[in-house]
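Student: I am new to this structure. Can you show me how to read its salt bridges and one of its helices?
Tutor: Gladly. Take a look first.

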Amino acid sequence: MKSHAQAVVIGGGVVGCSVLYHLTKAGWKDVVLLERDELTSGSTWHAAGGMHTLNGDPNVAKLQRYTIDLYKEIEEISGQSCGVHLTGGFLLADSENWLDYLKVAQGRARVLGMENDFVSIAEAKEKLPLINEKCFVGALYEPLKGHVDPSGVTHAYAKAARIGGAEVERFTRVTDLQPLPDGGWEVITDKGTIRAEHVVNAGGLWAREVGRMVGLELPVLAMEHQYLVTDEMPEVAGRETELPHCIDFGGEIYMRQERGGLVMGTYEKHGVPWSEKTTSWDFGHELLQPDLDRISDNLEVAFEHFPALAEAGIKQVINGPFTFAPDGNPLVGPVRGLKNYWVACGVMAGFSQGGGVGLALSAWMTEGDPGFDVFAMDVSRYGDFATMAYTNAKVRENYGRRFQITFPNEELPAARPLRTTPIYERFKARNAVFGVGYGLEQALWFAPEGAEPVEQPGYRRSNAFEPVKAECRAVREAVGLLETSGFAKYEVTGPDAEGWLSGILANRMPREGRILLSPMLNHRGKLIGDFTVAKVGPERFFIFGSGAAEGYHLRWFESHLPENGVTLRSLRNEMLGLSIAGPKARTLLARLTDADVSNEAFPFMAFRRMDLGMVPAWVGRISFTGDLGYEIWVSPDYMLRLYDQLTEAGADLGLRPFGLRALNALRLEKGFGTWAREYRPIYTPAEAGLDRFVDLRKNAFIGRDAVLEDKERGPKLRLVTLTVDANGSDADVADVSGDEAVWHDGEVVGWVTSGGYAHFAERSVAMAYVPSELASRNGHFEVEIIGERRSVQLQPEPLFDPARTRMLG
């Protein structure tokens with residue numbers, strides 16, 4: 001075993017071997033994989049080996065397609081068969097809700113250039129004779145579906161990596177990791193020590209243990225997962241062609257052919273965690289005790305939907321552990337505060353996602369950027385709220401919902417409430433319906449008095465529609481109150497604070513007492529953040545951004561901090577906020593302060609300290625509603641008092657609380673984009689319409705050269721606002737929610753980023769990216785919503801206050 005390496009990958013499952021191969025492919029040859037036992041000895045060896053492209057996030061789906069396409073490459077390089085069976089497969093719907101789900105999935109696949117076709121149940125039965133056609137209402141055929149040999153794939157990755165220069169050390173257990181002064185790591189094993197520049201935790205079942213070696217508690221948990229292999233069945237044996245794969249969502253089962261029988265697995269509602277606290281290093285090629293009683297309900301449905309199964313004998317029951325993150329997506333990327341420590345774990349669908357994970361992480365390590373948007377997999381999406389107990393509750397929930405629809409307007413209940421602000425009970429008393437962001441309870445909308453504060457989720461408009469409309473009208477006609485505590489808040493201080501911010505953000509810095517908006521770019525000139533920046537002193541700034549991206553942004557900020565002259569800290573627990581917006585907002589604010597808040601004295605984008613009644617506050621003249629508005633920031637101990645003062649002073653003005661659903665509707669009327677939807681690391685400022693907030697007069701900021709190149713060649717895409725022809729009654733209509741296909745002259749040319757109903761403007765709205773050459777052409781555009789192509793019109797100016805008289809007045 002060598003004593004030095006550029007990178008050490010810990011873990012010899014399919015994910016670790018994929019990372020190793022991709023590092024060699026990216027040009028790193030001095031890389032080593034360490035495996036405590038034999039390759040595949042964790043979860044990989046007992047996996048069913050299924051592969052598919054279906055995923056709720058198109059960026060993850062794209063990586064899954066890459067993984068499937070990769071198998072041919074690694075077979076050719078390694079000479080090792082991956083045992084690929086590309087049989088295609090059916091996604092079966094036994095209800096109208098599941099049929100809607102499949103229509104949505106088909107539209108998302110079109111955005112990626114993948115054509116999945118609906119077939120009749122009779123046609124599906126011709127290819128999959130086991131189907132009881134009376135049980136289903138629809139079938140979607142997915143060509144890129146099948147299965148592989150788990151051992152073959154893993155060894156193909158490993159052999160291809162060795163050919164590329166890597167080393168693989170089996171039966172070598174890592175016992176400790178120690179950081180070195182130069183940012184590298186001392187990797188201590190039972191066979192000796194390696195000094196490595198980089199370490200990758202691809203530990204699978206042991207990812208928590210490898211994390212704890214460096215003081216890290218990763219939010220992963222293993223769940224017992226069962227599937228059974230049948231005896232030979234006459235309906236299967238002797239066929240000339242292999243049966244296609246099948247997912248029966250209503251029955252919560254997946255199924256494929258295995259020789260002359262079938263493999264059938266399920267994700268039962270009440271799954272059982274395995275080794276909840278620690279994983280024994282001695283666990284190896286072992287299976288867990290089968291428990292068919294636990295999946296008996298699923299089996300009953302399977303026997304009804306596929307009658308031949310009821311007569312089949314059971315050859316073997318596989319019960320083995322697989323690791324999951326709280327939301328079911330992998331944990332990938334660099335870990336904040338641990339230089340050159342990387343993770344690639346929680347990959348429960350390793351044969352669909354393993355190749356994509358290896359590609360993303362290797363690019364991140366070798367080039368400083370994954371090359372595309374992987375936020376849905378980024379380890380930074382979880383903060384310190386993701387404790388072991390939180391992870392346990394959310395993983396159980398996610399596992400039990402693996403084959404259940406989570407609607408775009410649905411909020412899941414496990415591990416809640418966790419983080420709350422002082423006015424949580426006040427809002428609860430006002431009948432708030434809450435959602436959660438970064439562990440924090442946030443009001444989505446307010447149910448009418450006497451009604452149960454519960455949303456009836458679905459793809460179409462819900463019982464929230466009318467209450468949200470009322471909230472929007474209150475803002476546009478009087479004054480509304482919104483909690484903004486879910487924003488991320490940062491303080492930057494020091495003699496070099498302004499210079500540092502000017503180099504890391506693309507816009508110029510504001511003068512004292514003012515606010516401005518600024519994108520943050522990576523070195524490729526792509527958007528990795530959009531912020532409100534306020535200068536509150538000669539060497540002091542506040543920065544406000546997306547709450548969900550706090551960990552993501554802190555990691556970037558801290559990795560670029562100088563050793564001296566700048567101090568950065570999160571104000572998440574020190575600064576909470578309320579916003580008031582609407583034509584009567586200034587009147588309300590004036591009732592609470594002696595300060596002059598006239599337009600002349602306190603104009604748009606001003607920011608200052610003022611007393612509101614007895615409450616010391618920071619107040620900014622800005623609002624994401626696009627209306628006259630103010631954001632008010634206080635320390636938590638003043639939050640209740642501020643809320644009560646505003647509520648009392650605004651009673652005769654028609655003050656009404658509003659939630660994030662109304663805020664979404666209001667910002668759509670203004671064409672305002674938002675982080676993680678319109679602004680993501682796959683878009684440039686010019687494409688997103690944010691180039692006006694990029695100051696190229698500055699000599700240096702991250703991404704400047706790339707912006708200049710983009711400006712010279714012109715943006716490929718443009719963000720546009722579309723108004724959608726929404727036919728039918730309010731209850732029957734589905735508005736866009738994101739990731740729908742945009743058509744032009746019969747071809748898919750773009751995708752929706754977000755949308756909904758703009759209540760005050762009374763229009764259904766979609767924001768979308770389309771090719772630049774089409775961005776100014778009206779007519780012939782359509783958006784596909786639940787399988788129906790709806791006519792849309794380009795909206796060249798905001799639906800509300802296009803002259804900005806309300807916002808600036």
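Tutor: Start with a definition: a salt bridge is a side-chain nitrogen of Lys or Arg within 4 Å of a carboxyl oxygen of Asp or Glu. Keep in mind that this is a predicted model.

Student: How many salt bridges does a search of the whole structure find?
Tutor: The search finds 48. Take one as a first case. Arginine 256 and glutamate 258 form a salt bridge, with their closest N and O atoms 2.7 Å apart.

Student: Is glutamate 258 buried or partly exposed?
Tutor: Buried means under 20% relative accessible area, and exposed means over 50%. Glutamate 258 has 30%, so this residue is partly exposed. Arginine 256 has 9%, so this one is buried.

Student: Which residue does arginine 294 meet in a salt bridge?
Tutor: Its partner is glutamate 268, at 2.9 Å from N to O. Now place both on the chain. Arginine 294 sits in the loop between β16 (273-274) and α7 (296-305), and glutamate 268 in the loop between β15 (261-266) and β16, so the pair ties together parts that are 26 residues apart in sequence.

Student: How accessible are arginine 294 and glutamate 268?
Tutor: Arginine 294 has a relative accessibility of 19%, so it counts as buried. Glutamate 268 has 1%, so it counts as buried too.

Student: Which residue forms a salt bridge with arginine 381?
Tutor: Aspartate 327 does, and the closest N and O atoms are 2.8 Å apart. This pair links distant parts of the chain, 54 residues apart. Arginine 381 lies in the loop between α8 (350-367) and α9 (388-400), aspartate 327 in the loop between β17 (314-324) and β18 (331-334). Arginine 381 is buried at 10%, while aspartate 327 is partly exposed at 33%.

Student: Which residues do salt bridges with shared partners join into one network?
Tutor: Glu224, Glu268, Asp291 and Arg294.

Student: Now the helix. Which residues of α7 are buried?
Tutor: They are Asn298, Leu299, Ala302 and His305. Look down the helix axis: these buried residues fall within an arc of 125°, so they line one face of α7.

Student: What does the face of α7 turned away from the buried side carry?
Tutor: That face carries the exposed residues Asp297 and Glu300.

Student: What covers the buried residues of α7?
Tutor: The cover includes the strands β12 (221-230), β13 (245-248), β14 (253-258) and β15.

Notes:
Residues numbered from 1 in each chain as written. Predicted model: local features only at pLDDT ≥ 70, side-chain atom pairs only at ≥ 80, totals over all residues. Heavy atoms only, no water. Buried < 20%, exposed > 50% of the residue type's maximum accessible area, 1.4 Å probe, protein only. Helix = DSSP H or I, 4+ residues; strand = E, 2+ residues; numbered from the N terminus. Arc of directions from axis to C-beta. Contact = heavy atoms within 4.5 Å.
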